[in-house]
Amino acid sequence: MKKEVLTTIKHCLKAQQFDLATLYRICELTDKVKEIGATKEGLNWMATLLNDKRALLFFTQPSTRTFLSFKNACDILGIKSTEIRDIATSSFAKDETLIDSAKTFAQYVDLIIMRLHPAHESLIEEAPKKLNDRIRIINAGSGSDQHPTQALLDFYTIYKYGFAGKNIGFVGDLQRGRTVRSLALLLTKLDNLKLYFIAPPAYQIKDDILKQLTVSYELVYDFDQIIPELNVVYMTRLQKEYGGNDVPYNQIDYSIHEGNLNKFKKDAIIMHPLPRGSEIAPSVDDDCRAKYWEQVHNGLWVRVALIALMYGMDYDIIAKSSERMVKTLGTIN
Ligand code: NCD
């Protein structure tokens, strides 16, 4: 590994905080923890790494993959975790302020992983300032603004297929989809690629993100026409739950199905953060270019790598200690 002065990750709050060296460092560490996690000895060893830590998963919005991957990432690292997923069961229902609730959590745990409804989104900014310095915060999705850890796993998934010269297309409800917002902010750290934002005019990505892009990009409305140009196609669903946009659009025009699958490059990759609506027909799952289930798998290991890194366990430390563990416990592979 190249020796560089690397920034520490105290919290994971937004995509802008990651520089390119840190992104590659997370990718390399993800490869390593995946490899170590492939054996029983490796898993047993990883479960000792952070077994003095406790985490709270505070999710005030629905979640399947993000919740389960964080919960299991904590398990893998030996972190004991508890959860609040229904705030009606907490003192929030007695009108406690969010920050008072968070100050309470901070008495019990070391790490708070939060997914926040738009009404609670400000806690992401507030908590790191107001909580005890020992507490680490991870943003597991903040309203329709950001989803930095999904962006990390998406970045890692594309990294596995190579970035150079790629045309990356984002398709669907880009106005309210937080995963696209965060991923675009990560990809802009690279050069030699182009981003295409493909959506009906009323659903285009907002200017606040476009203003931060230094990589080349184009706004496109005709999906079928641009398909042959794309190396990576990142589909998204209509984010109805956020409201604020009743302009109807023909969703079939922004979807992948038997009728347009043959227009894709042979080596294109098709991604989706999931859950999907009608924008990817189930039959597409059998196509070798469909990588969304691979993203789900990567999500677990990227989160293991991220948490390990937040607690100072860099690639070198993990690699060297696991080598020692291999010698002690026998072969790892
Ligand atoms: C995404 C989310 O919650 O923003 N899902 C996820 O975390 N995998 C995407 C979505 O809900 O559309």
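**Backbone exceptions, sheets and aromatic pairs in a predicted model**

Asn192 is placed in the loop between helix 7 and strand 6. In this predicted model, the residue has a positive phi of about 60° although it is not a glycine. Asn192 is exposed, its relative accessible area being 54%. Asp95 is a further non-glycine residue with a positive phi, here near 70°. The loop that holds Asp95 runs between strand 2 (80-84) and helix 4. With a relative accessible area of 70%, Asp95 is exposed, because the cut-off for that class is over 50%. As a rule, most residues other than glycine have a negative phi, and most peptide bonds are trans. A cis peptide bond is found between Leu274 and Pro275, with omega about 5°. Pro275 belongs to the loop between strand 9 and helix 10 (292-310).

Five strands form an open sheet in the order 7-6-5-8-9, and their pairing is parallel. Strand 7 (216-220) and strand 9 (269-271) are at the edges; each has a single partner strand, so one side of each is left without a neighbour in the sheet. On average, neighbouring strands of this sheet are turned by 20° against each other, direction ignored. Strand 6, made up of residues 194-198, pairs with strand 7 in the parallel sense over 5 bridges. In this pairing, Lys194 stands opposite Ser216 of strand 7.

Helix 6 (residues 148-161) packs on the sheet and touches strand 5 (167-171), strand 8 (232-235) and strand 9. The direction of helix 6 makes about 170° with that of strand 9. Helix 7 (residues 178-187) lies across strand 5, strand 6 and strand 8, and runs at about 165° to strand 5. The loop between helix 6 and strand 5 contains Ala164. At a relative accessible area of 62%, Ala164 is exposed. Between the C-alpha atoms of Ala164 and Thr48 the separation is 38 Å, and the two residues are 116 residues apart along the chain.

A further parallel pairing joins strand 3 (residues 111-116) and strand 4, again over 5 bridges. Leu111 stands opposite Arg136 in strand 4. Strand 4 spans residues 136-142 and is mostly covered, with 7 of its 7 residues buried.

The structure holds 13 aromatic pairs. In one of them, Phe58 and Phe105 have ring centres 4.9 Å apart and planes at 55°, so the pair is tilted. Phe58 lies in strand 1 (residues 54-59) and Phe105 in helix 4 (residues 98-108); the pair therefore ties together parts that are 47 residues apart in sequence. Both Phe58 and Phe105 are buried. Phe170 and Phe197 form an aromatic pair that is stacked, with 5.4 Å from centre to centre and 15° between the planes. Phe170 lies in strand 5 and Phe197 in strand 6, so this pair ties together parts that are 27 residues apart in sequence. Phe170 and Phe197 are likewise buried.

A search of the whole structure finds 0 disulfides. Cys27 is in no disulfide: the nearest cysteine sulfur, that of Cys12, is 13 Å away, whereas a disulfide requires sulfur atoms within 2.5 Å. Cys27 has a relative accessible area of 1% and therefore counts as buried, the cut-off being under 20%. Cys288, in contrast, counts as exposed, at 60% relative accessibility.

Key: Residues numbered from 1 in each chain as written. Predicted model: local features only at pLDDT ≥ 70, side-chain atom pairs only at ≥ 80, totals over all residues. Heavy atoms only, no water. Pairing = 2+ DSSP bridges. Helix = DSSP H or I, 4+ residues; strand = E, 2+ residues; numbered from the N terminus. Axes fitted to C-alpha atoms, helices over the stretch in contact; angles between N-to-C directions. Contact = heavy atoms within 4.5 Å. Buried < 20%, exposed > 50% of the residue type's maximum accessible area, 1.4 Å probe, protein only. Phe/Tyr/Trp six-rings, centres within 6.5 Å; stacked < 30°, edge-to-face > 60°.
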